[in-house]
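Hi everyone, thanks for coming. Today I'd like to walk you through a structure step by step, so please keep it open while I talk.

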Amino acid sequence: MPQPETRPSLIVRLKGERNELAWTEFVSAYEPFLRRLIERQGVPERHVPDAMQQVLVAVARSVDGWQDDGDPASFRRWLNRVARNVVLKLMARERRQIGGQGGTDWLESLADVPDAGGEERETEYEYELVVWAAEQVRGEFLDSSWKAFWATLIEGRSVAEVAAELGVSPGSVYMSRSRLMARIRSKVQEVVGRPEESSEV
Amino acid sequence: MAIPKLACDRERLRQSLDDRLSEQQEEILLQHLAECPACQHELERLAAEQAEWSRVAEVLRREAAARISSAGAAGTREPACDSPVDFAVAFLEPSSLPGALGRLGDVDILEVIGHGGMGIVLKGFQQELHRPVAVKVLAPHLAASGAARQRFAREARATAVVVHPNVMPVLTVHSSGKLPYLVMPYVPCESLQQRLDRQGWLETLDVVRIAWQVACGLAAAHAQGLVHRDIKPANMLLEKGVDRVLLTDFGLARAVDDASLTRTGVIAGTPQYMSPEQARGEAVDHRSDLFSLGSVLYAMCTGRVPFRAETSYGILRRITDTEPRPIREINPGIPEWLVTIVAKLHAKDPAGRFASADELAKLLEQCLAHVQQPTTVPLPEAVAAIEFASVEARLTATAPPLSSSRSRRPLLVGSILAGLAILAAVAGIAIRTHQDDSDERSKSPAESAVSAAPSTSENEARGQSALSVWQDGVVEQIRGLDEAVEQLDTRAAWFWDDDTPSAPTNNQTNAIQSSNPEAAK
């Protein structure tokens, strides 16, 4: 079976090169997160690419509803909002239907499902996002940095003790865990978009 | 050790958080940070708001607890991480060839050569054509991703259009199956990365010879409008027995006009050898490869990468904002003209580099002749011209402060001495970090089993050669030691990749098609 691929030019009738670029960027940032989310929702492995495709199609299908609000990154912000809603729907839907069934019917016409909303679901989405971001970011750092972050922040151990154990300076423990924190935060923002246009880094 | 006292400086903290300080500046800041609760607090505030710290900690704590409990329960969802051999055997068809692991298309698979982030590389044999081949198979988890399959297919297409003695050819491609794979000639070789791990820095002759051939291969790719985008030592294969270098892994290569794919904001490629324009996520052209080649040259001259940091982000920062430590400070044996060539390749502005790989290749060819016959072949004039320009630039930059402080000579001498003391301290740090690096590399159980003893003495020799800046007299002795170590090391086996401790190989020569671990992300 040929793998479904995201073909922006086919799915999205985008006006202008800039939006196509935004779409490509969006997919490359969102795809890994989406994959993980879908897997963790208990979707059978062979259906994961399908599910992902469905979500992206659902997002793309709504593209006609987009209107440029004139503010910076209008399209990109809009995409993130739609994607988030579609994913929330997916999460709500699989709860009702997925139990043991093999087909992909449950995935179809996602776009037609009313918005599930719900604070609980939203929290769950944020939760998954943080876990995903932490996993992504971990590989960017030295192992000792991750250990310093984990031992002091998650396990609540003292900086001096952890530094001695890892054979690094206490100063570098402070720095490493703050860098990791800042990186996790920016990784989350890559997917959900920045709250507002922050200053250029 | 006398480290200058530092006042609390919010801007410094911010810069360090963004990995914008030099290694030395950071050292000083971290000393201060350890003893200053106010700065510790400030740093946390700069990284994230208090609420975010708590939220992330809470989420990760819950997740860790959930994993522990689900690991205890039967039937966890996490896929088992198979060894590469198990994985290879699992997807092969049965083979009739005795001793073969199995069959893939028309290739009988004999053994697993290695694996990396993109997939695994197998040694195979094509019975019909009676030739050994190397087969590169895309990892199963990547085969499900459209982007990875596209990248894999692109490597095949890109490589196919470049026919050159210094470019590893692709014989056939099978991209439609469950697991796409490429078939390449089997070439007994090691990668430049393995050579550097084993040997540290290289002799000038080898540096120029390798760089020249890479430049030739690159020129051929550029002539097809193709930018390699992932020039690094792991992608340069040194053929055994002959002096040939093969450029490989065009997995990230893109035609220059393929604009929609060049700016996706995803870090593609190994950050350590990226160009500033790649690091910034801007569009790149062939001159980006020249910068990366400059970094490879630097690594060959010094045995270490030019831009280093704790994180990939930090590395990118160093690439865009800082100059690497001067080559001759690390290895005084490298001639000044070679240093100037590297400096020109390392120009942050692409316009400041050589105009083309072809121009560089021609220059290096002449340099090679000079290194081989220093008395009869002069250095090419073009090199002398760069050298002159850079010396002149340095003179004009430093002249005014020197002349103005002439009346305060004692002070000047004092500050030079202080400077030397700092340099010596920094060199101490450099040696330690270098050894740490090497130690980490040699942690691969397979490797340490074979070459633990020589690599230890090698580390010592390297460390001392860095010190030789201040102890000219011992340079020759250390050189001698280095050579002895090299001879020892050439008898040791080498292995696929430094992050693959399980590379199950016991033959001494490997065909290597290196994969890019970054791509898995």
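Let's begin with helix H3 of chain A, residues 48–61. H3(A) has 14 residues, and from its first C-alpha to its last it reaches 20 Å, close to the 20 Å expected at 1.5 Å a residue. The expected span here is 1.5 Å times one less than the number of residues. By helix I mean a DSSP run of H or I with at least four residues, and by strand a run of E with at least two, numbered from the N terminus.

Which residues of H3(A) are buried? They are Ala51(A), Met52(A), Gln54(A), Val55(A), Leu56(A), Ala58(A), Val59(A) and Ala60(A). A residue is buried if 20 or more other C-beta atoms lie within 10 Å of its own, with C-beta atoms placed from the backbone; it is exposed if 12 or fewer do, and partly exposed in between.

A word on the model itself: it is predicted, so local features need pLDDT of at least 70 and side-chain atom pairs count only at pLDDT 80 or more, while totals for chains, interfaces and linings use all residues. Residues are numbered from 1 along each chain as its sequence is written, and chains are lettered from A and ligands numbered from 1 in the order in which they are written.

Now the whole of chain A. How many helices and strands are there in chain A? There are eight helices and zero strands, and of its 201 residues, 34% count as buried. Among contacts between residues at least 6 apart in the sequence of chain A, 67% join residues at least 24 apart. Two residues are in contact if their C-beta atoms, placed from the backbone, lie within 7 Å.

On to chain B. Chain B has 20 helices and 11 strands, and 40% of its 521 residues count as buried. For chain B, residues 24 or more positions apart account for 65% of the contacts with a separation of 6 or more.

Let's look at some strands. Strand S3 of chain B, residues 119–126, is mostly covered, with six of its eight residues buried. S3(B) runs antiparallel to strand S4 of chain B, residues 131–138, and eight bridges join them. Two strands pair if DSSP finds at least two bridges between them. You can find Gly119(B) opposite Leu138(B), and Leu122(B) opposite Val135(B). The hairpin of S3(B) and S4(B) has four residues between the strands, and there His130(B) takes a positive phi near 50 degrees.

Why is S4(B) described as largely enclosed by the rest of the structure? Because six of the eight residues of S4(B) are buried. S4(B) is also joined by five bridges to strand S6 of chain B, residues 181–185, in an antiparallel arrangement. In that pairing, Ala134(B) stands opposite Met184(B).

Next, a three-stranded sheet. This open sheet in chain B has the order S7-S9-S10, with antiparallel pairing. Its edge strands are S7(B), residues 189–191, and S10(B), residues 245–247, each pairing on one side only. Strand S9 of chain B, residues 236–239, pairs with S10(B) over three bridges, and Met236(B) has Leu247(B) as its bridge partner.

Helix H9(B) lies across S9 and S10 of chain B, running at about 35 degrees to S10(B). Angles run from 0 to 180 degrees between N-to-C directions, and axes are lines fitted to C-alpha atoms, for helices over the stretch in contact. H9(B) covers residues 204–223, and its 20 residues should span 28 Å at 1.5 Å a residue; its end C-alpha atoms are 28 Å apart, which agrees. Of those 20 residues, 16 are buried. After H9(B) comes Gly225(B), with a positive phi near 75 degrees.

Last stop: where the chains meet. The contact takes 34 residues from chain B and 37 residues from chain A. Which helix gives the most to the side of chain B that touches chain A? H4(B) does, with nine residues. By class, that side of chain B has 17 nonpolar, nine polar and eight charged residues. Here Ala, Val, Leu, Ile, Met, Phe, Trp, Tyr, Cys and Pro count as nonpolar, Asp, Glu, Lys and Arg as charged, and the others, Gly among them, as polar.
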